[in-house]
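Work through the exercises below with the model open beside you. Try each task before reading its solution.

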Amino acid sequence: MKTLFALGVWCLLFVLCWPLAILALIAWPFVWLLSLPFRLVGITFSALFAFLRALFMLPARLLGGGHGAVTA
């Protein structure tokens, strides 16, 4: 659905201003390549925070705490 929307927007841009649409078509791979390092940093930080959360919650999980624990 996202791809179909992007194709429709590009076709509309092509009808309204074809040089800009051609420039966008040529520039898109370079923009994608420039965004790759930022995506990798985001994935790395996400994994780091998930690891730290699991590490800090480990004692509670070992002692029997969790979502299914019943408190009296």
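**Exercise 1: Aromatic pairs**

Phe-45 and Phe-49 sit four residues apart in helix α2, so about one helical turn separates them. Helices here are DSSP runs of H or I with at least four residues, numbered from the N terminus. This is a predicted model: local features need pLDDT of at least 70, side-chain atom pairs count only at pLDDT 80 or more, and totals for chains, interfaces and linings use all residues. Residues are numbered from 1 along each chain as its sequence is written, and side-chain values use heavy atoms, with hydrogens and water left out.

Task: state how many aromatic pairs the structure holds, and classify each.

Solution. 
- Start with the rule: rings of Phe, Tyr and Trp (its six-membered ring) pair if their centres lie within 6.5 Å. Planes under 30 degrees apart count as stacked, over 60 as edge-to-face, and the rest as tilted.
- The structure holds two aromatic pairs.
- Trp-10 and Phe-14 are stacked, at 5.2 Å centre to centre with 25 degrees between the planes.
- These two residues, Trp-10 and Phe-14, are four apart in helix α1, so about one helical turn lies between them.
- Phe-45 and Phe-49 are tilted, at 6.2 Å centre to centre with 35 degrees between the planes.

**Exercise 2: Exposure of the rings**

Task: decide whether Phe-49 is buried or exposed.

Solution. 
- Apply the cut-offs: buried means under 20% relative accessible area, exposed over 50%, partly exposed in between (1.4 Å probe, protein chains only).
- Phe-49 has 53%, so Phe-49 is exposed.
- Trp-10 is partly exposed at 25%, and Phe-14 is partly exposed at 37%.

**Exercise 3: Helix against helix**

Task: describe how helix α1 and helix α2 cross.

Solution. 
- Helix α1 covers residues 2–16 and helix α2 residues 18–62.
- Their axes come within 5 Å and cross at roughly 140 degrees. Axes are lines fitted to C-alpha atoms, for helices over the stretch in contact, and angles run from 0 to 180 degrees between N-to-C directions.
- That angle makes α1 oblique to α2. Under 35 degrees counts as roughly parallel, over 145 as roughly antiparallel, 65 to 115 as roughly perpendicular, and the rest as oblique.
- From α1, Trp-10, Leu-13, Phe-14 and Leu-16 make the contact (heavy atoms within 4.5 Å). From α2 come Trp-18, Leu-20, Ala-21, Ile-22 and Leu-25.
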